[in-house]
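Hi everyone, and thanks for coming. Let me bring the model up on the screen, and then we can walk through it together.

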Amino acid sequence: MPPVATPTAPAGPVPAEGDPAPPPPAVAGVEAAIPAIGTRLAKAMGRHHDPRAAIEARMMDRIADRPDLRAAIFRLVDVRPACRDYPDIAEHLAALLDEVAGRPPEGPVRSGDLPGGELPVPLGLARSLARRHGSRTLVGVAGAAGVRAMAGRFIAGEDAADALPAVRRLWKDGIATSVDLLGEATVSEAEADAYRDRCIEVLRTLSAGSARFPARPLLEHDQHGELPRVNLSVKVSALTPHLRAGAPGRGAASAAPRLREILRVARDLHAHVHVDMESLDHREAVRDLTLSLLAEPEFAAGPSAGIVHQAYLTDAAAELEVLLGWARRTPRAQPLSIRLVKGAYWDHEVVEAQQAGWTVPVFTDRRACDREYERLTDTLLDHADLVRPLIASHNLRSVAHAIAAQRARGLEPDAVEYQVLRGLGDPLAAALAAEGLRVRTYCPIGDLVAGMAYLVRRLLENTANDSFLRAHASGTALDRLLEAP
Amino acid sequence: MTLTAAAPLAPFANEPLLELRRGAERTALTQALADLDAHLPLRAPVIVDGAERGGLPRRSVDPGRPERVLARAGDASAEDAAAAVAAARRAFPAWSATPAAERAAVLVRAAARLRDRRYELAALILRETAKPWPEADADVAEAIDFLEYYARQAVALAEPRELVHVTGERNTMTYAARGVAAVIAPWNFPLAIPGGMVAAALVTGNTVVLKPSEQAPACAAALYDALRGAGLPAGALHLLPGGDEPARALVVHPHVHTIAFTGSSAAGRDILRKAADVVPGQHHLKRVVCEMGGKNVVIVDADADVDEVVPALLHSAFAFAGQKCSAAARVLVHADRYDALAERLAGAVATLEVGEASVFGVDVPAVIDPEAVERIARYTAMAHADGTVLAQAPLPAAASAAGGTYVAPLLVAGLPADCPLLHEEVFGPLLTIEPVASVDAACDIVDASPFALTGGLFSRSPATVAHVAARTPVGSLYVNREITGARVGRHPFGGNRLSGGGTKAGGPDYLLAFVEGRVVVENTVRHGMVV
Ligand SMILES: Cc1cc2nc3c(=O)[nH]c(=O)nc-3n(C[C@H](O)[C@H](O)[C@H](O)COP(=O)(O)OP(=O)(O)OC[C@H]3O[C@@H](n4cnc5c(N)ncnc54)[C@H](O)[C@@H]3O)c2cc1C
């Protein structure tokens, strides 16, 4: 597979960490418009509050400043699918909480132990009950139910048929979807084939199921023409067992035939295929594979397809130029969609770089990352005639900025798409729809075992002290949340 | 070059690995390889007291393409070994009297020279041992780490130790160099392992005779050049490329004080036995620092995350064709997870890419020489005869056509409990997998083994992790990760039981193996008065 392009010198100056916010390539009035937009969205979000999310937020709030407890709870969620039975879950819970309480992991339970030393009362109780024969199953059941409830918020169903009612409901409410198939890591050719087959099956099921959806003009048309109803997000790491950070060509070459088949089916069904971005280890493979396949003559007329751009990378500006340059050189009937995100692998990037001794490739200052996101939003919107800009964020400030920037440029309401993740951005999606904007919810489907990695990542993100959602949930004042980064 | 005491050293930090995910790094390495190829063959002569001796009758070759000669090398004799020891003995008084800070400064300068030649050295390692890029690069980084780490340790070790103090006496304890050290090194970490052993011996004030592996003399010559270029006196280090003869001569030489050896168990035990004999003219007991083989077991409990287990096992068992003493050889899986793991692992083994080390992304390169092919073939035959081969990765015809010493990676199950394949070190791309009833049953199996080098555990229960950590005899237990890739200062490395003497290279105590304690007790009372 020939490399598409290698980012050379950045087109603009690479923003230094923590530099004072340079004014965005000014489209007048953007900053002034943000507070009103943000306030209106926040008010609308309040009307779509999910009580389950509120309970979870309160719990997360309580453990957010106890990293040890937070770790124990995540580890339980993580190991849940591998537990044999309820007592096994209870044993894991007890051992994890023992660690938090700083006790020898196999210490005997003394009757004076209730409630556990440094643990909040309910968890101390759980730990003691988990050690007792009579109550062990009870604790296991409660733990399992807790994990299932959390998972239910983020995962739309076990398979496409299962998820279809939720997809239809959202559509009726004016919200489009992109379906993502959760699964175990792909380590063999057979697993990669199975993932491809599931993708194709989902495309067919959703295509048949959505044919009779009511018309939603805002969701079905933009400045470049018609938009497909069916939208599938795929991961290259699931399409090949050959991804190697030091050999992007190997993974790309192995994933290519499978992705090509998916693209063919999508083209024939008029569905959209979006290739998710993963960690920096695989950026070159994902980008080169996606762009080189989309440039193949058989896909010149379709399908609609897209890629993801991560703003948290310090070389993001140069990388976006690579994508825009490709789009300029590669006219397609369906212009490239570019989903702008901050990036979901922040911890991984930082830890990997620190362990290997590399320069950390992501911004380590939240505000620098948010500023870069706004700059890239501006660049994308400036190229709305060349590509399809998709703004994927739950950060009210980032989103309000994009809306203001869209309006300041005189772009039509359907010229930009806003995207959220199911379970994290549902109130925001509803508010955006009410605002008359085009919005799409990313809906993972799969079973609990398969979804665990996804679930743990979302929960970690949701409770990171740095996250917008957490700041919002813990009651930070709206005007602070809407401040320029 | 004159030796000057350096400024205090900054705290140790591991040398960064090359960021191979960046195209520019890969291009630089490919270019370095082309440059190296244009200069082949290199020279690796016998060097005693800074002067070459004898001719260059030996050859080292690229295992992936044996007609490519990497170096023409010397063939040291027993007389060369004797000359080297005599020269090292002459140089000992001056070198051991050199302040520790100055000796440390030589190591730090040598590290800088390796750092400057980073790409070139990775290319050299890749060619001489068919070590793929990520591992070849890690080898250079580890050599740099050893130099930097031991430099700092030696400066600290030169400070007198605190002893119990009472009025009227002054007690001090210091560590002194032992004398001449013989370093006998293997080919599988052709820069890092000789680099580490030589650096430890030199920086503590010993003079050194290095006998590198016959398969990797050019890497040893590069190490020699870096140290001499950094200002090491000619008498402090001597280089004896060749076969077994110089190594045997060194082991029994009356004036060798310390033998630092990394290699096979059989050779290590032979050295220990011979070193125990005090020969005429010998006025000391020899000390042997030895790192030998292993049969490294990874335990997978029922609560493990199979998604993480498979890639970790794949890398631990098959990277560099399994030719690391830390490599995974045997997987013991809780019966509840056995079918799932065996099936997925088999599918993964089938995806391994066998081929030339220089191709980025190749998983399994050629093994070191035809003898290794033969040895591995014996075990492969055993696998087919006595067990069930779950997966075998394909051998590309093109690779073998170049005459490279390739063997097909194998995953084997169903072997009888007494099959030698389950107990002997293969040192090749073979992995066995067995179900066990419990983690304790797996621990019993590990306990029954005479080897105790590395081990692995996959479990998500803190109780299980603590339990296995307390029970296992291995030198390094890796939990929920691959079991190879020890980093200096972070993962001190060395086997227990028959896997080695228990010293931990790259750890806080390693230098103690190269020194002897000296205590001075001075009476400070004169005429009944404390003065
Ligand atoms: C529809 C949709 C699709 C997505 N697809 C992808 C995808 O394909 N690939 C992908 O990688 N991500 C994807 N994401 C996830 C996204 O990258 C973010 O992780 C997530 O949306 C949180 O960012 P935010 O703007 O919503 O929230 P915010 O709270 O504003 O931002 C949180 C983000 O900021 C960054 N961050 C955290 N801490 C720091 C710090 N100390 N310094 C600097 N930056 C920091 C991280 O990226 C973190 O995720 C997707 C998100 C959505 C909504």
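One term before we start: a strand here is a DSSP run of type E with at least two residues, and strands are numbered from the N terminus. Please also keep in mind that this is a predicted model.

Is B:N296 buried or exposed? Its relative accessibility is 1%, so B:N296 counts as buried; the cut-off for that word is under 20%.

Who are its partners? If we leave aside the neighbours within four places in sequence, B:N296 is in contact with a run of residues from B:C325 and B:S326 through B:A327, B:A328, B:A329 and B:R330, and also with B:L453, B:T454 and B:I483. Two of these partners deserve a word about the side chain. A polar atom of the B:N296 side chain lies 2.7 Å from the backbone oxygen of B:C325. The side chain of B:N296 also reaches the backbone nitrogen of B:T454, at 3.1 Å. And if you look for B:V331, which is 35 residues away along the chain, its C-alpha atom is 8.6 Å from that of B:N296.

Now to the empty spaces. Rolling a probe the size of a water molecule over the atoms shows where empty space is left. How many cavities of 30 Å³ or more does the structure hold? There are six.

The largest cavity contains about 120 Å³ of space. Its lining is made of 17 residues, and those nearest its centre are B:A327, B:A328, B:A329, B:V426 and B:F427. Strand 13 (328-334) and strand 16 (430-436) of chain B each supply at least two.

Four strands of chain A give two or more residues each: strand 5 (272-275), strand 8 (388-392), strand 9 (417-421) and strand 10 (438-445). Here the lining divides into three nonpolar, six polar and five charged residues.

Technical notes: Residues numbered from 1 in each chain as written. Chains lettered and ligands numbered in written order. Predicted model: local features only at pLDDT ≥ 70, side-chain atom pairs only at ≥ 80, totals over all residues. Heavy atoms only, no water. 1 Å grid on protein atoms, 1.4 Å probe; cavity = no way out; pocket = protein on both sides within 12 Å on 5 of 7 lines; lining within 4 Å. Points joined across faces, edges and corners; volume = space filled by probe spheres on them. Nonpolar A, V, L, I, M, F, W, Y, C, P; charged D, E, K, R; others polar. Buried < 20%, exposed > 50% of the residue type's maximum accessible area, 1.4 Å probe, protein only. Contact = heavy atoms within 4.5 Å. Polar contact = N/O pair within 3.5 Å; in protein donor to acceptor, adjacent residues only side chain to side chain.
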